[in-house]
Amino acid sequence: MSAARIDATQGGRWLGAYVLVYLVFLYLPISLIPLFSFNDSIQAAFPLQGFTFEWYTTLSGNSALSGALANSLVIGAIAATGATLCGITVSYMDLFGRSPLAFTISAIARLPILIPGVIVGISLLILVNLIGFGPSRTAIVLGHILVALPTTVVIMKSRFAAIPKTIHEAALDLGASDWTTFRRVMLPLSLPAIVSAFMLAFLISFDEFIVAFFLAGTEPTLPLYIWSQLRFPKSLPTVMALGTAILAVSFVIAAIAEILRHRGLAAQRPVPANLPKPEETERGELQWHST
C-alpha cells in the first residue's frame with residue numbers, strides 16, 4: 001500500500017471520528033429532552049425514577065398553552081405565506097429580470113440571516129412603534145417574514161436556477177408574456193420547491209423566539225410560553241413533554257420539505273447526449289430512428 005493511500009485512509013478515519021464527535025455534541029443534549037419527558041420525577045437528573053405519560057396528559061386542558069399554540073400556528077401560516085411569496089418574486093427577478101436592482105434586492109433579502117437576532121428584534125421594535133403597530137401579532141408576523149425570507153430566497157433561487165433557461169426562452173419565443181411564462185411554466189415546474197420553502201418558513205416562524213420576544217404584546221407565541229414556564233421548577237417536566245412533541249413534529253415537517261425539494265430537483269433531469277438523430281427520406285421529410 002502506497003504512502004498516499006495510507007495517508008488518505010488515516011485522514012478518512014480522523015474525519016469520521018470528527019463527524020461522530022460533532023453529532024454526539026450536537027444531538028446528545030437534544031435527546032435528553034425526550035428521555036426526561038418520560039421520567040417520573042420533576043427533576044431532570046439521573047438515575048431515572050420511572051416511566052410515565054403523566055407529563056403528556058397535563059398538556060391537554062391547558063388554556064394558556066392552547067392560546068399560545070393557536071397564535072404560533074396562525075402567525076406561522078401567515079408569515080410562511082408572505083415569506084414564500086416574497087422569496088418566489090425576489091429569486092425569479094434575480095435570475096430572469098436581468099436588472100441590477102433585482103440583484104441588489106436579492107442580496108438585501110438574504111442579509112437578515114447574517115444579522116444577530118437581538119439586533120433584528122430591537123430594530124423591528126423601534127420600527128413598529130414608529131409605524132403605530134406596537135408590539136402585537138401583526139408586528140410578529142412582519143418580523144417572522146423578515147427572518148424566514150432568506151431561507152425561501154435560497155430555496156427558490158436554487159430551484160429556478162435548476163430549470164434550463166431554454167424553457168423560459170422557448171415560452172417567450174412562442175408569444176407568451178413574461179407573466180404568462182412565470183404563471184404557466186415556471187411556477188408549475190417549481191411547485192415542490194414552493195411547498196418546501198413554505199414548510200421550512202413555517203418551521204422558522206413557529207420556533208422563533210428572539211424576534212417574538214421583542215414584538216409580542218398580550219398574545220405570546222408558543223416559544224414565549226415555554227420560556228415563561230421555565231421559571232417554575234414544577235413545570236419543567238411538562239415543558240420537556242411539550243418540547244418533545246415540538247421536536248417530533250418539526251422533524252417530520254423538515255423531512256417532508258427536504259424530500260419534496262430533492263424530488264423537485266430530480267424531476268428536472270438533463271437531456272441525454274446520445275439522442276437519436278433524424279434522417280432525411282427521399283421526399284425530404286425527417287424521420288426518427290431509435291438507436
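This is a predicted model: local features need pLDDT of at least 70, side-chain atom pairs count only at pLDDT 80 or more; totals for chains, interfaces and linings use all residues.
Colleague: Where does I210 sit?

Modeller: Helices (H or I, at least four residues) and strands (E, at least two) are DSSP runs, numbered from the N terminus. I210 belongs to helix α10, residues 210–215. In sequence, I210 and V118 are 92 residues apart. In space, their C-alpha atoms are 6.4 Å apart.

Colleague: How many helices and strands does the protein chain have?

Modeller: Twelve helices and two strands. From the N terminus, the order is α-α-α-α-α-α-α-α-α-α-α-α-β-β. The protein chain has 291 residues, and 32% of them count as buried.

Colleague: What span is expected for α5?

Modeller: The expected span of a helix is 1.5 Å times one less than its number of residues. Helix α5 (residues 117–131) has 15 residues. From first C-alpha to last, α5 reaches 21 Å, close to the expected 21 Å.

Colleague: Which residues of α5 are buried?

Modeller: V120, G121, L124 and V128. The buried residues of α5 fall within an arc of 95°, so they line one face of the helix.

Colleague: Which residues are buried in α4?

Modeller: In helix α4 (residues 100–109), they are A102, S106 and A109. Their arc around the axis is only 65°, which puts them on the same side of α4. P100, L101, F103 and I108 are exposed on the other side.

Colleague: At roughly what angle do α3 and α6 cross?

Modeller: Axes are lines fitted to C-alpha atoms, for helices over the stretch in contact, and angles run from 0 to 180 degrees between N-to-C directions. The axes of α3 (residues 63–96) and α6 (residues 137–162) come within 6 Å and cross at roughly 40°. That makes α3 oblique to α6. Angles under 35 degrees count as roughly parallel, over 145 as roughly antiparallel, 65 to 115 as roughly perpendicular and the rest as oblique.

Methods. Residues are numbered from 1 along each chain as its sequence is written. Side-chain values use heavy atoms; hydrogens and water are left out. Buried means under 20% relative accessible area, exposed over 50%, partly exposed in between (1.4 Å probe, protein chains only). The arc is that of the directions from the helix axis to the C-beta atoms.
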